[in-house]
Amino acid sequence: MTRLLLKVQDLSVAYFIHKQEIVALKDVSFEIERGEILGIIGESGSGKTTLAKAIIRSIKPPGKITKGKILYEGEDILSVDIKRFKREYLWKKISYVPQASQNSLNGVMRIIDHFYDTAISHGITDRNTIYDKAKEAVKMVSLDERVLSSYPHELSGGMKQRVLIALSLLLDPELIILDEPTSALDVATQKSILDLVMKINKELGTTIILITHDIGVANYIAKKMLVLYAGQVMEFGNTEEIMNNPLHPYTQGLINSVPSIYKDVSKLKPISEGEIPLKGCPFHTRCSYVSEICKMEEPGLYTANTRLVRCFLYDKARKNIS
Ligand SMILES: Nc1ncnc2c1ncn2[C@@H]1O[C@H](COP(=O)(O)OP(=O)(O)O)[C@@H](O)[C@H]1O
Ligand SMILES: [Mg+2]
């Protein structure tokens with residue numbers, strides 16, 4: 001069996017508003033092997049949630065997938081009948097823990113009722129079976145069985161996030177996509193949630209996509225990183241290699257602007273402000289290496305050793321010419 005689990009190819013998504021097309025993702029390509037943790041990093045508005053929603057087929061109008069393929073073990077899930085996708089893929093193969101999802105728990109339902117709802121919608125109707133699965137799942141996330149009879153308001157933010165992760169585990173998915181799971185939490189709770197995600201990855205072998213705006217979070221947890229800017233992949237590669245030697249000027253900026261106990265904060269360089277331009281490289285208005293070509297043309301995704309980088313600095317063909 002191949003180790004490749006998910007392969008996203010040239011994925012583009014746009015939102016059509018007042019006859020205008022807002023491109024949220026453009027030609028996004030990357031892949032994940034079984035058992036890996038991938039961190040998807042980008043500022044607010046870079047297209048992270050859109051990417052997660054495309055993978056679980058939940059882009060709703062005015063949004064539309066305009067191009068590309070999403071291959072799950074070789075099957076293009078974008079062309080699977082939506083009913084079959086919901087039955088065979090959602091929760092069973094791929095689960096999604098949405099952004100700010102602590103608020104998505106229904107306040108008038110006990111925690112266990114959320115488990116019943118999810119299981120019943122997938123045809124598992126025996127309540128004892130569901131209860132046993134729920135018990136196992138909350139144990140996995142280090143919560144006491146008693147939370148199952150609680151109401152959401154009785155739980156802390158960190159506990160609610162654990163409950164949602166437990167819920168995502170209910171039907172034993174192969175891949176879990178977590179959208180900014182730590183953003184609303186204090187630093188100590190953030191770390192405990194990340195440690196929990198790593199435990200799930202290690203003990204259950206679950207493949208993880210973790211979305212974050214914080215490169216420090218991705219560095220802590222992910223083996224590989226995908227850096228998004230304005231809906232495009234800027235850099236993709238191994239976390240360690242990227243952190244030691246970021247190639248894209250945007251990635252360099254992200255790493256330099258992250259406060260770290262290892263770094264002298266006085267040397268932090270925030271990335272300079274800039275609008276996303278209509279033409280050329282989307283990052284050129286903020287880039288300190290900008291040259292004429294960057295203002296005129298869009299760079300491709302070039303290979304640099306084991307890395308993919310969308311920057312003319314790594315266009316070997318061009319370097320040979322000049
Ligand atoms: N439902 C929507 N309608 C219109 N535009 C949207 C919608 N959702 C997202 N967008 C636009 O798509 C872009 C990417 O958004 P999003 O995927 O939410 O980014 P992120 O999760 O990285 O903050 C943004 O420019 C945003 O304004
Ligand atoms: Mg988002």
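This is a predicted model: local features need pLDDT of at least 70, side-chain atom pairs count only at pLDDT 80 or more; totals for chains, interfaces and linings use all residues.

Me: Where does Ser142 lie, and what is its phi?

Reply: Most residues other than glycine have a negative phi, and most peptide bonds are trans. Ser142, though not a glycine, has a positive phi of about 60°; its place is the loop between helix H4 (127-140) and H5. Helices (H or I, at least four residues) and strands (E, at least two) are DSSP runs, numbered from the N terminus. Lys19, also not a glycine, has a positive phi of about 65°. Lys19 sits in the loop between strand S1 (4-17) and strand S2 (20-33), and is exposed, with a relative accessible area of 87%.

Me: Which residues does a cis peptide bond join?

Reply: The bond joins Pro61 and Pro62, with omega at about 10°. Pro62 belongs to the loop between H1 and strand S4 (63-72).

Me: Which residues coordinate the magnesium ion (ligand 2)?

Reply: Donors are N, O and S atoms within 2.8 Å of the metal (3.2 Å for Na, K and Ca); water is not among the atoms, so sites may look incomplete. Here the magnesium ion (ligand 2) is coordinated by OG1 of Thr49 and OE1 of Gln99, at 2.0 to 2.3 Å. Since Thr49 lies in helix H1 (residues 48-55) and Gln99 in the loop between S6 and H3, the pair ties together parts that are 50 residues apart in sequence. Thr49 is partly exposed, at 22% relative accessibility, and Gln99 is likewise partly exposed, at 40%.

Me: How many residues line the second largest pocket?

Reply: Rolling a probe the size of a water molecule over the atoms shows where empty space is left. On a 1 Å grid over the protein atoms alone, a cavity is a set of points where a 1.4 Å probe fits but cannot get out, whereas a pocket is an open set with protein on both sides within 12 Å along at least five of seven lines; lining residues have an atom within 4 Å of a point. The second largest pocket has 23 lining residues, and Leu90, Trp91, Tyr96, Pro98 and Thr118 lie nearest its centre. Helix H2 (82-89), strand S6 (94-97), helix H3 (111-120) and helix H5 (157-169) each supply at least two residues of this lining.

Me: How is the protein built as a whole, in helices and strands?

Reply: The protein has 11 helices and 12 strands. Its C-alpha atoms fill a box of roughly 70 × 50 × 45 Å along the principal axes. Buried residues make up 49% of the 322 residues. Phe283 is buried, with a relative accessible area of 1%, and is found in the loop between helix H9 (249-256) and helix H10 (292-296).

Note on methods
Residues are numbered from 1 along each chain as its sequence is written. Chains are lettered from A and ligands numbered from 1 in the order in which they are written. Side-chain values use heavy atoms; hydrogens and water are left out. Buried means under 20% relative accessible area, exposed over 50%, partly exposed in between (1.4 Å probe, protein chains only).
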